[in-house]
Amino acid sequence: MKILLIEDDKQTNLVLAKALSTLNYQIESTNDGETGLELAKAFDYDLLILDVMLPKLDGISLCRQLRLEGSQVPILMLTAKEDISMRVMGLEAGADDYINKPFELSELIARIRALMRRGKTILAKVLVWENLELDINIKEVTYASKRLHLTPKEYGLLELFLQNPRRIFSRSVLLDRIWSADEFPGEEAVTTQIKGLRQKLKAAGMTADFIETVYGLGYRLKEPKNQPQKQNLPSANLSEKEQAEAKVMAVVANMREEFLKSFSEKFELLEQAIAQLSSVTPDKRILKQAQAEAHRLAGSLGCYGFLEGSKIARDIEQLLERYTVPYQRIALQLVELLKLLKQTLQQQPSSLVNPANAQITSSANLLIVDDDTTLTERIKLEAISWGFHVEVAADIKTARNILALNSVEVILLDLSFPAKEENGLTFLAELSETHPEIPVLVLTTNNQLQNRVEAARLGAQSFLNKTMSAVEVLTAINIALNQQTATDAKVLVVDDDPFILHKVSTLLSPWGLQVTSLQESQRFWEVLESTKPDLLILDIEMPDFNGIELCQIIRNDHCWHRLPILFLSAHFEPEILYQVYLVGADDYIRKPIVEPELIARILNRLERTHLSKKLLHKYYQ
């Protein structure tokens, strides 16, 4: 991952560059806005970290210029200014996130990871499949450098497949995604457009059919030949993460020691400023130098783990900024602040939260209820290779026990069992009452029409025959977990404060967003499944289940793990912020609500994840 760091404070620039390099990010840095803009336009970066107050060109102007020229690189802004209007300006200029100095290094790393994790696939400029390339910025498709002329529908289908490799799209889902609400084509329209797309690609020289027809299910993108399979090794990744973050802590500790050694010079300058304020005619040059030094300390001390020191330095800066008669009173205040700053720097600095507390995001939990041990073992082995966690029950009694003790996301159920008192259809009816949120797929040799009708009536998601291969069964399970029918931008807000719910709904409704408010967090999953939101807003402190717990179960769910999540809370403690980003949050806004900032962040997130149907409609038409 390649990051461009644009920061004029030498200490902050140095700390961030070394810390992020330790995490194996490739860092390029500059200290002025004009050079930063030239670098951002000349080279491809995965992320820009950019201060607001920069020489030659300020950060907001730089960000706005990049967005006007079509750049989609994720941008994280950081600044020592706490002005709310500045945050709003940054977001409206196109920034993806905003963090105030002083900041915990752990929070900054968490925000960077969130932007990298959520933005990489969404913001890719060029989508590639062997010799086929689709440039999102200029809406151009080429094969072997030869430009293709596609209809808007063909282009939409091609981009959708390239952005969602291996995912199967049914014809009805493709109609929802590509065709507008005022069009009423039949499913044959999808077949026609895919046929036309295939013909144009073949005419351009493509010999392989990269759009695969999965009979009875829909279409998906074939994997390029000789592409190595990705392996899911969460335990190893966590170990590497622990080691990397330990290295970051060690690097920062060494830099902190070097920084503190040079601190006597900085204190001497601040003491000179106090002496000048005690004189009849203070030297304004020295006062300005001291003010600039205090500003640098306010920005850099947080990077070394001295958050309280940053706040004290900020107070010193503000006093020096507005010095007036009587100077003596300000001098006395500065003496106390300087003493407090020295004491703070002698204390143990804060550090990264122990990464061992991190939770590993797991795949979906699959329960197979079938007494055919040969078949279940074959499906289990295939499911594990797909990343599922699998439990097998040879009878319905065992299945009930597993459901009582474990979280299950999907069930594969046979209809016939040796014991006469056990019946698959009866258990299916029971599941529809007790666990309506869990999709159930029937897998049986009993393929009569009557059983199909009864299974559908009782809520079965799919009816599969045991003659199907394990891959076909797992494909059907994946479809059940990933079905999405809504294409309009919908927002679910979960907060126990009815005033906040009303305010958020009032703010967002005029923007054409469908807002669902939920005050009782115990009904969260039920409402989530019924509304199928495109963005989720969570409070932290709530009765029954808090927002961090809800975020965690979303990220652990195979169907919902990519849902954008924004936290809205009064908390500002670094450990809370770190925990929020650790469980997978995309954004964080502090209460009380700043209306323009909330709207800017939500619309920005929806636009940049292509989840607003109005934006999609304009995009393709």
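**A chat about helices**

Modeller: Let's begin with Gln579, which counts as partly exposed because its relative accessibility is 35%. Bear in mind that this is a predicted model.

Biologist: Okay, and which helix does Gln579 lie in? What separates its C-alpha atom from that of Ile548?

Modeller: Gln579 belongs to helix 22, residues 574-582. Along the chain, Gln579 and Ile548 are 31 residues apart.

Biologist: On to helix 16: where do its buried residues sit around the axis?

Modeller: The buried ones in helix 16 (residues 424-434) are Gly424, Leu425, Phe427, Leu428 and Leu431. They span an arc of only 155 degrees around the axis, so they share the same side of helix 16. Thr426 and Glu433, on the other side, are exposed. As for what covers the buried residues, that includes strand 12 (365-369), helix 15 (396-405), strand 14 (410-413), strand 15 (440-444) and helix 17 (449-457).

Biologist: Are helix 6 and helix 8 roughly parallel or roughly perpendicular?

Modeller: Helix 6 (residues 152-163) and helix 8 (residues 188-203) have axes 9 Å apart and pack at an angle of about 80 degrees. Angles of 65 to 115 degrees get one label, so helix 6 against helix 8 is roughly perpendicular.

Biologist: And how many charged residues does the contact of helix 6 with helix 8 have?

Modeller: Lys153, Glu154, Leu157, Leu158 and Phe161 of helix 6 meet Gln193, Ile194, Gly196, Leu197 and Lys200 of helix 8. By class, this contact has five nonpolar and two polar residues, and the charged ones number three.

Note on methods
Residues numbered from 1 in each chain as written. Predicted model: local features only at pLDDT ≥ 70, side-chain atom pairs only at ≥ 80, totals over all residues. Heavy atoms only, no water. Buried < 20%, exposed > 50% of the residue type's maximum accessible area, 1.4 Å probe, protein only. Helix = DSSP H or I, 4+ residues; strand = E, 2+ residues; numbered from the N terminus. Arc of directions from axis to C-beta. Contact = heavy atoms within 4.5 Å. Axes fitted to C-alpha atoms, helices over the stretch in contact; angles between N-to-C directions. Parallel < 35°, antiparallel > 145°, perpendicular 65-115°, else oblique. Nonpolar A, V, L, I, M, F, W, Y, C, P; charged D, E, K, R; others polar.
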